[in-house]
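Me: Could you walk me through how some helices pack here, and then through one of the pockets?

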Amino acid sequence: PTKKEAKSDVTIEMAEAEAVKDTAEIVEKNKIRVSTQKSLFLYINICKRLLHGGEPEVELSGLGMAINAVVSCAEIMKSQKLVEVKKIITSLSDVQALRLANVPKLQVIVTKGPDFEKVYAEQEEARASRIAAAEKDKEEK
């Protein structure tokens with residue numbers, strides 16, 4: 001990646017790390033509520049960290065327009081061979097804040113893929129090198 005791309009990746013990763021610290025998206029230990037307001041990669045990183053931290057499965061869920069984000073997160077992780085989709089649940093949810101309307105809900109339950117640890121380690125190594133390179137660039141200025 002170019003220096004500009006590396007800097008933007010690091011900025012995004014730092015923002016994501018801050019968001020993970022005080023995020024409200026983690027409802028229970030292994031459940032993540034996905035919204036359209038934040039980056040897909042925030043939810044992907046949260047999911048990867050939960051699985052790496054020992055959770056046997058993680059549930060991604062979204063209401064209404066966030067259904068696309070749930071599917072995208074699951075498919076991105078699946079294409080990277082990080083997860084396998086264990087179960088998909090669809091339903092209508094009564095949300096009083098939305099004028100008592102029935103809102104579509106999607107829940108995708110994922111588990112570690114067979115190559116999870118290997119791929120996770122490679123991604124973390126690449127992430128660490130990008131952060132180190134960005135910090136080195138900062139020091140040079």
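Reply: Gladly! Helix axes are lines fitted to C-alpha atoms over the stretch in contact, and angles run from 0 to 180 degrees between N-to-C directions. Keep in mind that this is a predicted model.

Me: How do helix α2 and helix α3 pack, and at what angle?
Reply: Helix α2 covers residues 40–52 and helix α3 covers residues 67–79. Their axes lie 10 Å apart, and the angle between them is about 55°.

Me: Which residues make the contact of α2 with α3, and how do they divide by class?
Reply: From α2 come L40, F41, Y43, I44 and C47, while α3 brings A69, S72, C73, I76 and M77. By class, the residues of this contact are 9 nonpolar, 1 polar and no charged.

Me: Is the crossing of α2 and α3 left-handed or right-handed?
Reply: This is the pair with axes 10 Å apart. The crossing of α2 and α3 is right-handed.

Me: What about α2 and helix α4: which hand does their crossing have?
Reply: Helix α4 spans residues 116–140, and its axis is 11 Å from that of α2, at an angle of about 125°. The two are therefore oblique to each other. The crossing of α2 and α4 is left-handed.

Me: How many charged residues are in the contact of α2 with α4?
Reply: On the α2 side the contact uses K48, R49, L51 and H52; on the α4 side, F116, E117, Y120, Q123, E124 and R127. By class there are 3 nonpolar and 2 polar residues, and the number of charged ones is 5.

Me: Now the second largest pocket: which element gives the largest share of its lining?
Reply: This pocket holds about 220 Å³ of space, and 14 residues line it, with R33, S61, G62, L63 and K105 nearest its centre. Two or more lining residues come from each of β1 (31–33) and β2 (57–63). The largest share, 4 residues, comes from β2.

Notes: Residues are numbered from 1 along each chain as its sequence is written. This is a predicted model: local features need pLDDT of at least 70, side-chain atom pairs count only at pLDDT 80 or more; totals for chains, interfaces and linings use all residues. Side-chain values use heavy atoms; hydrogens and water are left out. A crossing is left-handed if the near helix is turned anticlockwise from the far one by less than a right angle, and right-handed if clockwise. Contact means heavy atoms within 4.5 Å. Ala, Val, Leu, Ile, Met, Phe, Trp, Tyr, Cys and Pro count as nonpolar, Asp, Glu, Lys and Arg as charged, and the others, Gly among them, as polar. On a 1 Å grid over the protein atoms alone, a cavity is a set of points where a 1.4 Å probe fits but cannot get out, and a pocket is an open set with protein on both sides within 12 Å along at least five of seven lines; lining residues have an atom within 4 Å of a point. Grid points are joined across faces, edges and corners, and a volume is the space filled by probe spheres set on the points. Angles under 35 degrees count as roughly parallel, over 145 as roughly antiparallel, 65 to 115 as roughly perpendicular and the rest as oblique.
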